[in-house]
Amino acid sequence: MALFKPSSGPHFFLCLLFLASLSACTQHMGFEGRLSPFSKSHFFPDQGSARVPVLGTIPQGVPIGDSPLLTGYENGIPVQNIPMPITSSLLNRGAERYQIYCSPCHGYSGHGDGMIVQRGFLAPPSYFQERLLNAPAGHFFNVITHGQGAMYSYADRVDVRDRWAIIAYIRALQISQHSLMSSLSPEQRQKVLESNPIATPRADNLPGRPE
Amino acid sequence: MSATDDNPSFDDPESRRSFLKILGASIALAGLDGCTFFTGSDIIPYVTQPEEIIPGKPLFYASSVLHNGFAYGILVETHLGRPTKIEGNPVHPASLGGSSPFMQANLLSLYDPERGKGLIRRGVLSTWDDFYRWLSGRVAQWEKDGGKGLCILTETVTSPSLGKQLLGVISKYPKSRWHSYQPVGREATLQGASIAFGKKLNPCYRFENTKVIFSLDCDFLSPEEAGHLHYARKYSDGRRLRANRHGMNRLYQVESNFSITGAMADHRLAVEQNRISDVMIYLAQELGISLRAFQKKEPHLTDQERFWISEGAKDLKQTPGESLILVANRQPPGFHALAYLLNEHLNNLNKTLYFTPLPEFLPPEPDSSLASLIQDMNAGQVETLLILGGNPVFNSPAELGFSQALNRVPNRLKSGLEFDETAFQCEWFLPESHFLESWGDGRAFDGTVSTFQPVIQPLYDTKTPLEILLAFTGNHYDTGQVRIKETFRELTSSLPPLAQSLEMRWKQTLQEGVLKGSAFEPVPASVSREALENYFSHEQSPAHLSGLEVSFYPDPFIWDGKYANNAWLQELPKPLTQLTWDNAAVLSPETAEVYQVKTGDLVSLEYKEGARSKGIQIPALVLKGHAHHSISLYFGYGRSVSGSVGSKKGFDVYPFMGKAPEQLITGVTLTKTGVHYPLAMTQIHSTLEGTQAVRFGTYQVMVRNPKEIVPFENQPQASFFKNKTDLDPEEAWAMVIDLTVCIGCKACTVACQAENNIPVVGKDQVLNRREMHWIRVDHYFKESSKGLKVLFQPVPCMHCEKAPCEIVCPTEATAHTPSGLNAMVYNRCVGTRYCSNNCPYKVRRFNFLQFSDMSSPLPRLMRNPDVTVRSRGVMEKCTYCIQRINAVKIQADIEKRSIRDGEVVPACQQACPTQAIVFGNKADSTSQVARLREEPLNYELLHELSTRPRTTYLARITHPNPKLAEPSESENGSI
């Protein structure tokens, strides 16, 4: 039983392929009747096919609640401490997220001198200002969530847990840049000086910034 | 020449792809290939991207949908703020995660380009401001005269907010009136409760505790019952057979038409509608209940029927407290009350049958029927009529004369989703928002409060019914959201308090779609037999004229005409007839022979109503198993003012009705017109013809020896095709479909259509056998001396391991993936259709024409962005929802784990209300699908071809009463 005769194939294929290549223009598989993310739609006056959800609706899988973890507030004031246990994995996650999302402006060490600032963008405040050293953790949460000044909201890219991880890392940066040399043990002090030979102890006994 | 595994002609490298490559290259060099025209496209991002949206990932919202007034919980899939798919909400009692075709197809209604887009006053576009200005004059007058002449006509209202507002309007304007009407109502059921218990109560059933069910015409698996998805799940849970589970419920069905419940029944008795009351009376006698009014009555039943009923009665008596007697809404109230009495007698009351307060709001007037409204309208007492939803000009029996009466009302207002027949006759047309754009609430069949949240801003300038009604009390500034929340606050105050704040509870309710604990508590009920005796002693049984009888049913998918403009539902083959795009007069083969009619013959039905005679011309459709001397007509078709899809399709049955859709018409004559009307049916042959395409048997045989039902081992046989060598040993996708619980509802077909961007083709192309559904539900009739058995068999692509389609494709457009999917590469397809010819299951679909609208903006918004839209000349078929497999795979990769069992859910499985479809990885021996494939009832479709399909079936098992079954009791798969 012959379902398929190879001997008759080439001629047939030739004709078929030739016809197919001629008719390729009517097969609109390159232009599809569906929308890719953020593509244009002529239906809406603003031409955007991406629509803003209706205010007040709650999708599935989004944490809801008024706990400090989700809002950064407790009893109406920004929460003082990070409302989740700080572990080394949280700090590592925070470091990673910080370096992705924050360092372009805030700089790797948090002095507000990231690459974009070096190219002329507005400089964000350094984390080592008195104001930010004393700011509650909830303040940072609020700024990441809603933006402040020239900084816009990062809520769509940094989820709630990652925000606290970043805040934990910012706290670590603050400690790293704002500890008294005298609070270190002699070995630790030696280690600091070895790893950063141009840092010289300043009069206030703070580790200095490299020039 | 014989081709075997070692025949080199199939895999000779020079003969296939390399040849094509060379050829392709030479054409490219010749410059014929340059037809690509990518012009680049604009990216329009959010200004402020919402926190919860991740481009490319779907976001789900819990909401609800109303069908026939009752709420069903849904999950709406959105992509970048656009709804693209509707699923059932697993935590909602009325859906339990399953879907009905209506739920699925409602998505298309949202994006219907022919929806009502703006206000229309006397045929001219208007604005809401104009309307409010017009209304404010009326409101001022109503405040003075107490709303004299104001009438509101609604459909069934279960929304606590809308109900409160309606009662608010009535109390603010004491002279105003509220009427309610819908063609598929349940007045008889509620009146039955009021006869039996002295008040109207809502009957609910617990199929999970039921062993024997005796249903009198009650199609509880169809959307006529508000709890049908819940009931379908619980009913099939009582039938699902696995190696380690025993016991099965038994269903007796008495009906004239062939319903899907009848198809699922273990014993089905087809009797004319006018004798269903006789069955009821005889059943009561057999159960030992003999009402005075019936003592002298001799039921018109044959000996065979009497034997059938008495065996059913014996079965019921053997399971006190675990049986159930059901009566259809269309049966008269007395028989509902009688059924309640029988249930009480069998100790079922408050067990398998329980009662709750009514989820629906009833108008306070004693007579709030449409007939009394029409009387008032004709008497000139109605000055302003607001028709809030519904389409009474079309969907009320013409006998009542609503359309003529409407013209006597000076101010006529109609709100609705589309501009329909009623809007055409009204001064004002007020466009309603689709439920996917609306805030709202509603109650499910058991009273559960369900919330609606909008998943997209209204596409047009529309308002919800609640917002429209608010304006009637002079309040056109409140949004629906505010009112819904206020009602929520009131509703929660009557529930046990929780630790969380009200705001948190609101948010949680919105997120889940269900207000927890809001289902009504059952009301203990006991039947007053005396009231029943009284009722029946006064009740005259209607006289039945000789000739044919005609009963009326809502169309299974177009419903009362509401979904006429929905092309998915129009093209969905109706259960048991597989008819699309039309309605027909359904009659039995015996009756057809008497009148010498065949399917597709246009017949003329006539009867005399007093001095007048009424007639209709409609094509006949011959259906096995239908009661003799009886005709079933489906209403909903024959719309005159609808969109391009819905208008002038099928035949309008409303003019042929009596005073109500549930009224039985007798004394009908049938004459042939001699005209043939083509009916587009997707399956025109429904007997197995001695093949073993569907395996089936009885519970008794299965317990004895399942091998009698599935006699062969699922062992690999010698095959024509060579073995695949590159299959993944870790990942092997497979599907098992349990035919015992498939109820043939077609939710899978339309769910697949929505998920996979499948086009509709129209009636002419269905007549050409070019319908595109990727999963069809076949049915077969198996006749025996003891009755007719219906076998449903959903057929998606089998994903054969030795796929006959692949071997014949000249371009390798269809090829196997390592995980066992028979994949289509659309861009390689040149449309030879060899694959379709070589597919023994006929599951491949070819785009003969450009069926998908590629350029209109609205369908583009609706389509699943994860699925390619196919163009003309391309073959397509079920992919096992490969986009869903890939999404899960990516997520598992991110989380560095393997895919969990049950994580990949294709659209058909997700939609199935009875969980008949199971999908998973058969390589994982612990997965559900692997275990089901080991079941003794597992079989492969067309096993003898040795295609080694990945889709397999579990044989259909029924549980007959041995006294009523074949004497040999060997009703097994071999015919």
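This briefing covers one helix pair in chain B and the two largest cavities.

The model is predicted: local features need pLDDT of at least 70, side-chain atom pairs count only at pLDDT 80 or more, and totals for chains, interfaces and linings use all residues. Residues are numbered from 1 along each chain as its sequence is written, chains are lettered from A and ligands numbered from 1 in the order in which they are written, and side-chain values use heavy atoms, with hydrogens and water left out.

**Helix pair**

- Helix α8 (residues 276-286) and helix α11 (residues 333-345) of chain B have axes that come within 11 Å and cross at roughly 25 degrees.
- Helices (H or I, at least four residues) and strands (E, at least two) are DSSP runs, numbered from the N terminus.
- Axes are lines fitted to C-alpha atoms, for helices over the stretch in contact; angles run from 0 to 180 degrees between N-to-C directions.
- α8(B) and α11(B) are therefore roughly parallel to each other (angles under 35 degrees).
- Their crossing is left-handed (the near helix is turned anticlockwise from the far one by less than a right angle).
- From α8(B), Ser277(B), Met280(B), Ile281(B), Leu283(B) and Ala284(B) meet Phe335(B), Leu338(B), Ala339(B) and Leu342(B) of α11(B) (heavy atoms within 4.5 Å).
- This contact has 8 nonpolar residues, 1 polar and no charged.
- Ala, Val, Leu, Ile, Met, Phe, Trp, Tyr, Cys and Pro count as nonpolar, Asp, Glu, Lys and Arg as charged, and the others, Gly among them, as polar.

**Cavity count**

- A cavity is a set of points, on a 1 Å grid over the protein atoms alone, where a 1.4 Å probe fits but cannot get out; lining residues have an atom within 4 Å of a point.
- Grid points are joined across faces, edges and corners, and a volume is the space filled by probe spheres set on the points.
- The count is 16 cavities of 30 Å³ or more.

**Largest cavity**

- Its volume is about 450 Å³.
- Of its 39 lining residues, Asp219(B), Ser222(B), Ile260(B), Pro556(B) and Pro575(B) are the closest to its centre.
- α2 (101-110), α6 (228-237) and β19 (548-554) of chain B each supply at least two lining residues.
- α6(B) gives the largest share, 3 residues.
- The lining has 24 nonpolar, 7 polar and 8 charged residues.

**Second largest cavity**

- Its volume is about 260 Å³.
- Of its 22 lining residues, Asp266(B), Lys786(B), Gly787(B), Leu788(B) and Lys789(B) are the closest to its centre.
- β30(B) gives the largest share of the lining, 4 residues.
- The lining divides into 9 nonpolar, 5 polar and 8 charged residues.

Technical notes
Parallel < 35°, antiparallel > 145°, perpendicular 65-115°, else oblique. 1 Å grid on protein atoms, 1.4 Å probe; cavity = no way out; pocket = protein on both sides within 12 Å on 5 of 7 lines; lining within 4 Å.
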